[in-house]
Amino acid sequence: MLEMREVYKTFNPGTVNEKKALCGVTLHLEAGDFVTVIGSNGAGKSTALNAIAGVWPIDSGSILIDGEDVTALPEHKRAKYLGRVFQDPMTGTAATMEIQENMALARRRGQRRTLRQGITKQEREEFRALLRTLNLGLEERMTARVGLLSGGQRQALTLLMATMQKPKLLLLDEHTAALDPQTAEKVLDATDSIIRENGLTAFMVTHNMRDAIAHGNRLIMMNEGQIIMDIRGEEKSHLTREELLDKFASLSGGLSDRVLLS
């Protein structure tokens, strides 16, 4: 479903601010994989996600989504393959529009976008049913402006909108980092349900080691622009936080980033 082949990316090359962000990253995700990606600040997690999304061109290597080489495609042309939820709950929805209007735009993605003909009764029923799965009461507030929602409600709505068209790949960029622990847990539960029920392939970047262990069927750890650990199956299901910290220490050569991975 996703292939990254020897992907390199350096920012500010040839300057005092040069940063080798990705150093030959090679990764293959099967359809249905839910991969959590963890690592300390500057490890390359978000850079890898942005490379997949086409935020900027990579220096070398190739990226394929569902067998299609998208390496040369700009961000807007990759959008048809991807669903994405950002760290900031304010990103991904239109604050001045109603919940149902935001959902209509997501449902009609790839079609001619207009609300002139209004939202049909059938669409309203569909949206209400989808919102009900979030268990946040939003199905009773479909005409409310999105800007009036809490951060957690807005992030859950963004998640729902990002997956309405069943993207080839769902990118989650620390999408619960700005939320309080209780709200983050609700959004993660919704994430698990949506990915499972729709059979989606997902790539979730996180700083939270507990979340990385608890969610998904596969865990990747990055350090200095490289994948240093890839754990899946039974090994992941029995993994503990302390074992993961010890593995990171042995592979990265120290515990300097231990606090960032706790």
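Which residues touch the most other members in the largest nonpolar core? Before I get to that, a word on the model: it is predicted, so local features need pLDDT of at least 70 and side-chain atom pairs count only at pLDDT 80 or more, while totals for chains, interfaces and linings use all residues. Residues are numbered from 1 along each chain as its sequence is written, and side-chain values use heavy atoms, with hydrogens and water left out.

Back to the core. Ile99, Met103, Leu131, Leu157 and Leu170 touch the most other members, out of 30 residues. By nonpolar core I mean buried Ala, Val, Leu, Ile, Met, Phe, Trp, Tyr and Cys residues joined through side-chain atoms within 4.5 Å. Buried is under 20% relative accessible area, exposed is over 50%, and partly exposed is in between, with a 1.4 Å probe and protein chains only. Helix α5 gives this core its largest share, six residues; helices (H or I, at least four residues) and strands (E, at least two) are DSSP runs, numbered from the N terminus. Apart from this core lies another, of 28 residues, including Met4 and Ile63.

Now, salt bridges: a side-chain nitrogen of Lys or Arg within 4 Å of a carboxyl oxygen of Asp or Glu. The whole structure has 13 of them. Take Glu126 and Arg107, at 2.2 Å from N to O. Glu126 sits in helix α4 and Arg107 in helix α3, so this pair ties together parts 19 residues apart in sequence. Glu123 and Arg108 also pair up, at 2.7 Å, and both are buried. Finally, have a look at the network of salt bridges linking Asp33, Arg218, Asp230 and Arg232.
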